[in-house]
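Take a walk through this protein chain with the model open beside you.

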Amino acid sequence: MKGRIYYFTGTGNSMRAARVIAQQLQNTDIISMRADPEKYPATDCDIVGFIYPVYHWTIPAPAAAFTEGLEINPNAYVFVIAMPSFICGIACERLAEILAGKGVQIDYGNLVHNVANYAIVYPPFPSAKIMVPAAERKLKKIAHDIASRKERMYPRASRFIKRRRERVMAPYLELQKYADYPFTINDNCISCGLCSRVCPCKNIVIEEGKPVFQHHCANCMACVVSCPKRAIGYNIKADDRKLLDASNARTFLVKIMGLPEKRRLYMNPYITVKDLTKERE
Ligand SMILES: Cc1cc2nc3c(=O)[nH]c(=O)nc-3n(C[C@H](O)[C@H](O)[C@H](O)COP(=O)(O)O)c2cc1C
Ligand code: SF4
Ligand code: SF4
């Protein structure tokens with residue numbers, strides 16, 4: 001038996017899930033979706049898993065793009081675990097569509113709720129003290145299900161959520177084009193390059209000792225939570241406002257986006273910044 005789990009993570013929840021399940025399955029490696037999918041196909045795997053957070057009620061764009069480029073054994077047992085804080089939306093359905101285009105079916109799907117990590121909009125909630133142990137319990141159960149090849153329909157959005165999605169999420173999806181424009185770097189930056197190494201989108205290049213954002217950011221929060229000097233801020237300035245207005249991003253949450261220096265940040269307690277840097281190819 002050979003297993004392979006592909007994961008995308010910003011703040012470690014999905015990496016932790018991939019580790020727990022891989023450990024239960026044995027002979028299973030875990031591959032960050034930051035890698036080139038052509039280098040890590042799943043053509044000779046019997047078990048193939050996909051684990052990722054939910055962004056704006058769907059699968060993160062880089063995880064979708066990675067899966068599009070992946071070759072998979074159509075006879076493998078395939079599972080998906082989405083890691084929302086509250087609303088999963090079409091995160092699993094979207095993966096199912098991409099896989100169906102490759103002649104691959106999902107055999108098992110589930111959700112693990114965890115702390116909401118979108119630090120440039122709000123402090124982490126609900127409390128990690130409650131969410132993390134609950135997530136660990138659910139992960140153990142899911143790992144057991146997968147090890148025994150249980151079948152389970154992947155979670156789907158209700159008709160209500162599907163109807164609301166377009167309207168509620170459109171501004172945020174539009175905003176994605178400008179996701180890294182408002183990032184700021186303050187004088188505390190020590191040019192260590194960690195932000196560049198943890199970025200799952202290869203979106204940060206260090207130039208003359210300072211991070212430069214390359215405009216294909218997923219807003220995953222990895223750089224923000226990993227910076228040892230809290231040098232990364234987020235500030236929608238007047239100029240950026242123009243960009244946001246051009247994208248019709250006028251909802252309340254978009255208006256309050258910003259990162260006060262003292263805001264609490266969340267990172268999964270079982271994952272370290274070093275773990276995130278290891279996923280770099
Ligand atoms: C850009 C962004 C958008 C998000 N959108 C949603 C969402 O639509 N629904 C939800 O339940 N959680 C949402 N979240 C919260 C994350 O899905 C959740 O915290 C996840 O467990 C983080 O996983 P990670 O630690 O592997 O990055 C969002 C987080 C970010 C950064
Ligand atoms: S991680 Fe922080 S201190 Fe290090 S280079 Fe990036 S912004 Fe500067
Ligand atoms: S630049 Fe920062 S927020 Fe954007 S994808 Fe990279 S690590 Fe995530």
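Ser191 sits in the loop between strand S6 (183–185) and helix H6 (194–198). This is a predicted model, so treat each value below as computed from it. The phi of Ser191 is near 60°, a positive value in a residue other than glycine. Why does that deserve a look? Most residues other than glycine have a negative phi, and most peptide bonds are trans.

Look for Arg230 in the loop between helix H7 (222–226) and strand S9 (232–234). Arg230 has a relative accessible area of 32%, so it too counts as partly exposed.

Now turn to a hairpin. Strand S7 (residues 204–207) and strand S8 (residues 210–213) run antiparallel and are joined by four bridges. Val205 faces Val212 in S8. Two residues lie between the strands of this hairpin, and Glu208 takes a positive phi there, near 50°.

The backbone has a further feature to find. Phe125 and Pro126 are joined by a cis peptide bond, with omega about -20°. Pro126 belongs to the loop between S5 and H4.

In what order do the strands of the open sheet lie? The order is S2-S1-S3-S4-S5, five strands with parallel pairing. Strand S2 (28–32) and strand S5 (108–111) are the edges, each pairing on one side only. Neighbouring strands of this sheet are turned by 15° against each other on average, direction ignored. What holds such strands together? Strands of a sheet pair through backbone hydrogen bonds, either parallel or antiparallel.

Follow the pairs across. Strand S1 (residues 3–7) and strand S3 (residues 47–53) are parallel and share five bridges. Tyr6 stands opposite Phe50 in S3. Next, S3 runs parallel to S4, and seven bridges join them. Here Gly49 has Phe79 in S4 as its bridge partner. Between these two strands, the chain passes through helix H2 (residues 61–68), and this β-α-β crossover is right-handed. Then S4 pairs with S5 in the parallel sense over four bridges. Val80 stands opposite Gly109 in S5. Another right-handed β-α-β unit is made of S4, helix H3 (residues 91–100) and S5.

Stay with S4 for a moment. How many of its seven residues are buried? Seven are, and the strand is mostly covered. In a regular strand the side chains alternate between the two faces of the sheet. S4 shows this pattern: Tyr77, Phe79, Ile81 and Met83 point one way, while Val78, Val80 and Ala82 point the other way. Residues on both sides are buried. Helix H4 (residues 128–147) lies across strand S4 (77–83) and S5, running at about 180° to S5.

Move on to Leu253, in helix H9 (residues 252–256). Leu253 is partly exposed, because its relative accessible area is 34%. Which residues does Leu253 touch, leaving aside those up to four places away in sequence? They are Val121 and Tyr172. By contrast, take Leu253 and Tyr266: 13 residues separate them in sequence, and their C-alpha atoms are 19 Å apart in space.

Count contacts in the chain between residues at least 6 apart in sequence, and 81% of them join residues at least 24 apart.

Finally, step back to the whole chain. Its secondary structure comes to ten helices and nine strands. The C-alpha atoms fill a box of roughly 55 × 40 × 35 Å, taken along the principal axes. What radius of gyration would a compact globule with 281 residues have? It would be near 19 Å, and the chain has 18 Å, so the two agree. Of the 281 residues, 55% are buried. The chain exposes about 13,400 Å², and carbon and sulfur atoms supply 51% of that area.

Conventions
Residues numbered from 1 in each chain as written. Chains lettered and ligands numbered in written order. Predicted model: local features only at pLDDT ≥ 70, side-chain atom pairs only at ≥ 80, totals over all residues. Heavy atoms only, no water. Pairing = 2+ DSSP bridges. Axes fitted to C-alpha atoms, helices over the stretch in contact; angles between N-to-C directions. Contact = heavy atoms within 4.5 Å. Rg over C-alpha atoms; globule rule 2.2 N^0.38 Å. Buried < 20%, exposed > 50% of the residue type's maximum accessible area, 1.4 Å probe, protein only. Areas by Shrake-Rupley, 256 points an atom, 1.4 Å probe, with all protein chains shown as cover. Right-handed = clockwise from strand over helix to strand, strands pointing away.
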